[in-house]
Amino acid sequence: MASAAEQLAANFNFSNLGKAKELRDRIFFTLAVLIIARLGTYIPMPGIDPNAMAHLISQQQGGLLDMFNMLSGGAVQRMAIFALGIMPYISSSIIVQLMQTVIPELETLKKEGEVGRKQLNQYTRYGTVFLAALQAVGIAFGLEQMGQGIVIDPGPFFLFTTIVTLTGGTILLMWMGEQITSRGVGNGISLIIFVGIVARFPTQISQLFEAGRTGSLSPFTIAAIFFGAIGLVLFIVFMERAQRRLLVQYPKRQVGNRMFGGESSHLPLKLNVSGVIPPIFASSILTVPLTYAAFAGANTPGWMQTMVAYIGPTQPLYFILYGAMIIFFAFFYTSIVFNPEETAENLKKYGGFIPGIRPGKKTAEYIDYVLTRTTCVGAIYLAVVCLIPEFLRRDVTSILSLGGTSILIIVSVMMDTIAQIQSHLIAQQYEGLIKKAKLRGARR
């Protein structure tokens, strides 16, 4: 039998969307905030030569700055007030999640429901401010020492304004993302990254067609790239929706002369629990030596020059390390965000059990057994999706700068946002049915 969401998707039309006033207001609010976030990527910081900065970024293809430029929607290339983007918030969130496995007090807060969640969010905000300020200090001093005419008037005033501007830009983006999450549709932080990546689409497509016009790429190659991209998106959607459902049974209980319970449910285990975190981690680690060597130039140590030569984006060792790191971080992050023992304990608390498996420790071991195998499939899927665009850039065309991480973010955010819109529409339909039932009861 189709779920409520699937039934709604089958009967979806714009008339239903027009009747949902609250949902329409949420969508308009989300669009307004995202437009403001995009405008901020075009407001340059004081004291920066944008042409010199754009030239520097063009020399950093495949480096750490290029990845940050992609996630910030081109703000790094223009050295805008949102140049740091939302990455400090993401890093702070990951750190807080890691600390929950180490610090018992934080783990206790996680179990305290809404109150604990709000406190953990507050710690995440403090960490965001600290990381943003730290990165802003490094960028300010790095731009001054780099030369190349990037800083127009170096000095203490430039350092102060740069640190304040970059830190304030990240805090403003964090606040806007939280406002979208609470008052709009979708996850605000993810949508801000999503819009920044999508904003580069027109440039990418125009460069691709220009390459076809000049003869750099054949029409067959361009068509193959477009159909391959569509196939890759469909594959990502299929894998992101894939689940391993564990049957959970609840025992019957007698209250007076009536029997309650006896229902069965499912514990869904996604193939890709870690999301896009593993590719981001792997890319960040691999591109650090490349970025340092590009900045140091002739002062780069000999051993690092040798390492960069072997792990460059077009080298076989780069693909091996990239895929291996993605698989490692997929297992590592899944072990942090999903605790089989806690899940088994919750099932036992509410009387649920997996048929044929003893409640408690045996259930935790079985869940961990299944999770390990589903994560193995998910990790391989992540590695394949991220490596395909890298192979294309090496063997087909260097014009494509859209990596597998970007495609994963785009598809995942769209799926999450559409799911939230569907849930709002379902709630609106249920409210309409309840009102009709009440009117019928009042007439009788």
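Cysteine 376 is partly exposed, with a relative accessible area of 34%, whereas cysteine 386 is buried at 0%. Here buried means under 20% relative accessible area, exposed means over 50%, and partly exposed is what lies in between, using a 1.4 Å probe and protein chains only. How many disulfides does a search of the whole structure find? It finds zero, a disulfide being a pair of cysteine sulfur atoms within 2.5 Å.

A word on what you are looking at: this is a predicted model, in which local features need pLDDT of at least 70 and side-chain atom pairs count only at pLDDT 80 or more, while totals for chains, interfaces and linings use all residues. Residues are numbered from 1 along each chain as its sequence is written, and side-chain values use heavy atoms, with hydrogens and water left out.

**The overall picture**

The protein has 19 helices and four strands. These are DSSP runs numbered from the N terminus, with helices (H or I) of at least four residues and strands (E) of at least two. Of its 444 residues, 41% count as buried. Among contacts between residues at least 6 apart in sequence, 71% join residues at least 24 apart; contact means heavy atoms within 4.5 Å.

**Helices H9 and H10**

Helix H9 covers residues 114-146 and helix H10 covers residues 156-183. Does the end-to-end distance of H9 agree or disagree with its residue count? At 1.5 Å a residue, its 33 residues should span 48 Å, and the end C-alpha atoms are 47 Å apart, so the two agree. The expected span is 1.5 Å times one less than the number of residues.

Two packed helices are described by the angle between their axes and the distance between the axes. For H9 and H10, the axes come within 8 Å and cross at roughly 145°. Axes are lines fitted to C-alpha atoms, for helices over the stretch in contact, with angles from 0 to 180 degrees between N-to-C directions. The crossing is right-handed, a term used if the near helix is turned clockwise from the far one by less than a right angle, with anticlockwise giving left-handed.

On the H9 side, the residues that meet H10 include Thr128, Ala132, Ala136, Ala140 and Leu143. Their partners in H10 include Phe158, Leu166, Thr170 and Met174. The residues of this contact divide into 15 nonpolar, four polar and three charged. In that count, Ala, Val, Leu, Ile, Met, Phe, Trp, Tyr, Cys and Pro are nonpolar, Asp, Glu, Lys and Arg are charged, and the others, Gly among them, are polar. The buried residues of H9 include Gly116, Leu120, Thr124, Ala132, Ala136 and Ala140.

Isoleucine 180 is in helix H10 and is buried, at 0% relative accessibility. Leaving aside neighbours within four places in sequence, isoleucine 180 is in contact with residues including Phe29, Thr30, Val33 and Leu191. One of these, phenylalanine 29, lies in helix H3 (residues 21-40). At 22% relative accessibility, phenylalanine 29 counts as partly exposed.

Methionine 53 is in helix H4 (residues 50-58) and is buried at 2%. Not counting residues up to four places away in sequence, methionine 53 touches Ile48, Val76, Gln77, Met79, Leu143 and Ile150.

Threonine 374 is found in helix H18 (residues 361-395) and is buried at 7%. Beyond residues up to four places away, threonine 374 touches Arg244, Lys270 and Leu271.

Serine 274 sits in the loop between strand E4 (264-270) and H14, and is buried at 4%. Apart from neighbours within four places, serine 274 is in contact with Ala330, Tyr333, Thr334 and Leu382. Phenylalanine 281 is in H14 itself (residues 277-296) and is partly exposed at 24%.

| Pair | Separation in sequence | C-alpha distance |
|---|---|---|
| Methionine 53 and glutamine 77 | 24 residues | 6.1 Å |
| Phenylalanine 29 and glutamine 179 | 150 residues | 9.2 Å |
| Isoleucine 180 and alanine 32 | 148 residues | 9.8 Å |
| Phenylalanine 281 and tyrosine 322 | 41 residues | 9.8 Å |
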